[in-house]
Amino acid sequence: MVYVGIPKGQANQEEEVLKTIQDGDSDELTIKRFTESREKPGALWHIYAAKDTEKIREFLKKVAEEQGQENPVDHDPIHDQSWYLDRSLRKRLHQEYGVQGWAIVQFLGDVVFIPAGAPHQARTGDTVHNLYSCIKVAEDFVSPEHVKHCFWLTQEFRYLSHTHTNHEDKLQVKNVIYHAVKDAVGILRANESSLSRP
């Protein structure tokens, strides 16, 4: 979070932000960062364990059906980013499926790391909740520990409709693997003579 702009002259906005942070299930230390330390909160995130993805997907489909919405085969309630789990839906998800996430308030200067495949929402336009006007810098990367999961996500994207924004392979996992192997082989070849010495 590289910038948080707090508008002047809106006295009640601070109360609204505090209520949003509290309703977002934030812990006491986070609330104190805002109320006592006067740090600038930019966004409210909810992050869930990757292992709970199918339960969350099933829950969102169930809620959509209850509301009379369709669940097309080539769409995905998580990748569509069309849902925001408010406090009542988060509570219901926990009660009915045993799924509970972590609430994180991202303050100015904070970094939020989201593990591969972890469903998340962070209230703004793309399911991130901006508390004030803010600028975030985001970077996708593939760690060696999560290559398998990233490859699985790429396969999951292939089943979305061709017009879906997540249909493309954003992580380029196959290219990452290819270049990692190519670099490793190049280093081994460059040091081949020193590796064969006794």
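Analyst: A residue is called buried when its relative accessible area is under 20%, exposed when it is over 50%, and partly exposed in between, with a 1.4 Å probe and protein chains only. The model is predicted, and local features were required to have pLDDT of at least 70 and side-chain atom pairs pLDDT 80 or more, whereas totals for chains, interfaces and linings use all residues. Numbering starts from 1 along each chain as its sequence is written, and side-chain values rest on heavy atoms, with hydrogens and water left out.

Helices here are DSSP runs of H or I with at least four residues, strands are runs of E with at least two, and numbering is from the N terminus. The crossing of α3 over α4 is right-handed, a term for a near helix turned clockwise from the far one by less than a right angle, anticlockwise being left-handed. On the α3 side, the contact (heavy atoms within 4.5 Å) is made by Lys55, Ile56, Glu58, Phe59, Lys62, Val63 and Glu66. Helix α4 contributes Leu89, Arg92, Leu93, Glu96 and Tyr97. By class, six of these residues are nonpolar, six are charged and none is polar. In this scheme Ala, Val, Leu, Ile, Met, Phe, Trp, Tyr, Cys and Pro are nonpolar, Asp, Glu, Lys and Arg are charged, and the others, Gly among them, are polar.

Phenylalanine 59 and tyrosine 97 form an edge-to-face pair, with 5.8 Å centre to centre and 75 degrees between the planes. Rings of Phe, Tyr and Trp (its six-membered ring) pair when their centres lie within 6.5 Å, and planes under 30 degrees apart are stacked, over 60 edge-to-face and the rest tilted. By this rule the count is one aromatic pair. Phenylalanine 59 belongs to helix α3 and tyrosine 97 to helix α4, so the pair links distant parts of the chain, 38 residues apart. Phenylalanine 59 counts as buried because its relative accessibility is 0%. Tyrosine 97 counts as buried because its relative accessibility is 16%.

Leucine 93, in helix α4, has a relative accessible area of 0% and is therefore buried. Its neighbours, apart from residues up to four places away in sequence, are Tyr48, Ile56, Phe59, Leu85, Gly98 and Val99. Between leucine 93 and isoleucine 56, which are 37 residues apart along the chain, the C-alpha separation is 7.5 Å.

Leucine 85 is placed in the loop between α3 and α4. With a relative accessible area of 4%, leucine 85 is buried. Leaving aside residues up to four places away in sequence, it touches Tyr48, Phe59, Leu60, Arg90, Leu93 and Gln121. Leucine 85 and leucine 60 are 25 residues apart in sequence, and their C-alpha atoms are 9.1 Å apart in space.

The wider setting can now be described. The largest nonpolar core has 16 residues, and Val17, Ile21, Phe34, Val105 and Leu131 have the most contacts inside it; such a core is a set of buried Ala, Val, Leu, Ile, Met, Phe, Trp, Tyr and Cys residues joined through side-chain atoms within 4.5 Å. At least two residues of this core come from each of α1 (13–23), α2 (28–35), β2 (41–47) and β3 (102–107). Strand β2 supplies the largest share, four residues. Apart from this core lies another, of 13 residues, which includes Tyr48, Val63, Ala64 and Leu85.

The protein has seven helices and six strands, arranged along the sequence as β-α-α-β-α-α-β-β-β-β-α-α-α. Of its 198 residues, 35% are buried. Among contacts with a separation of 6 or more, 75% join residues 24 or more positions apart.
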